[in-house]
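Hello,

Here is the structure for you to look over.

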Amino acid sequence: MTLHGEWLAGSELIAQRSAPPGAPATSGRTGGRAGTTGAAAEPAAPAGGPGGTSRFNVASEEDLLTVRHAVRAATVEAGFGLVDQTRIVTAASELARNAYVHGGGGSLEIERLTRGGRRGLRLTVRDDGPGIRDLDEALTDGFTTGSGLGHGLGGARRLMHEFQVHSVPGEGTTVVVARWNDR
């Protein structure tokens, strides 16, 4: 199934796992493929105070390094352990590289989250590139349009608790991911 201009969220299991204890996950429209539902946990509020959100341009190789360092610093600030730090930085790196290589550049926004006493991070990666013609194909393990290993979108989806992608051919792509600190 090809989705154009629609949100695609991670599997219901992932959305339920991301909801804080006692908070129900909400189910949305089912996509036509196993594991792709419109499920998403209740929206989270940004952390209060200054510095709740940071935005970075992704227009060069140097910007990719800057993004990695900024995301790593945000994971440390949010109290994530080393394994979760690595998961988040890896997902951010994959998504930012996709925006740079396939979207001709874009931006990455880091948003600090709190919900029910838990802290988390939401990353939003945007580009104004050609968009993704076939999301199902792009999310398939091993799919690549270049010399990469084909772990980009699918890998980022597996590394994060929440995953959404909105892409319109000819208009660009926005990917929103979040991970919650279980510590």
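**Helix α3 and its cover**

Buried residues in helix α3 are D84, Q85, I88, V89, A91, A92, S93, L95, A96 and A99. Buried means under 20% relative accessible area, exposed over 50%, and partly exposed in between (1.4 Å probe, protein chains only). Helices (H or I, at least four residues) and strands (E, at least two) are DSSP runs, numbered from the N terminus.

Please keep in mind that this is a predicted model: local features need pLDDT of at least 70, side-chain atom pairs count only at pLDDT 80 or more, and totals for chains, interfaces and linings use all residues. Residues are numbered from 1 along each chain as its sequence is written, and side-chain values use heavy atoms, with hydrogens and water left out.

What covers the buried residues of α3? The cover includes β3 (53-58), α2, β4, β5, α5 (152-159) and β7 (172-180). Contact here means heavy atoms within 4.5 Å.

Helix α3 runs over residues 82-101, which is 20 residues. At 1.5 Å a residue it should span 28 Å, and its end C-alpha atoms are 28 Å apart, which agrees. The expected span is 1.5 Å times one less than the number of residues.

**Salt bridges**

A salt bridge is a side-chain nitrogen of Lys or Arg within 4 Å of a carboxyl oxygen of Asp or Glu. By this rule there are eight salt bridges.

Start with E77 and R112: their closest N and O atoms are 3.4 Å apart. This pair links distant parts of the chain, with E77 in helix α2 (residues 61-77) and R112 in strand β4 (residues 106-115), 35 residues apart. E77 is partly exposed at 49% relative accessible area, whereas R112 is buried at 12%.

Next, R122 and E111 meet at 3.1 Å, N to O. R122 sits in strand β5 (residues 118-127) and E111 in strand β4, 11 residues apart. R122 is buried at 16% relative accessibility. E111 is buried too, at 11%.

Then there is E162 with R115, at 3.3 Å from N to O. E162 lies in strand β6 (residues 162-168) and R115 in strand β4, so the pair ties together parts that are 47 residues apart in sequence. E162 is buried at 17% relative accessible area, and R115 is buried at 9%.

Best wishes
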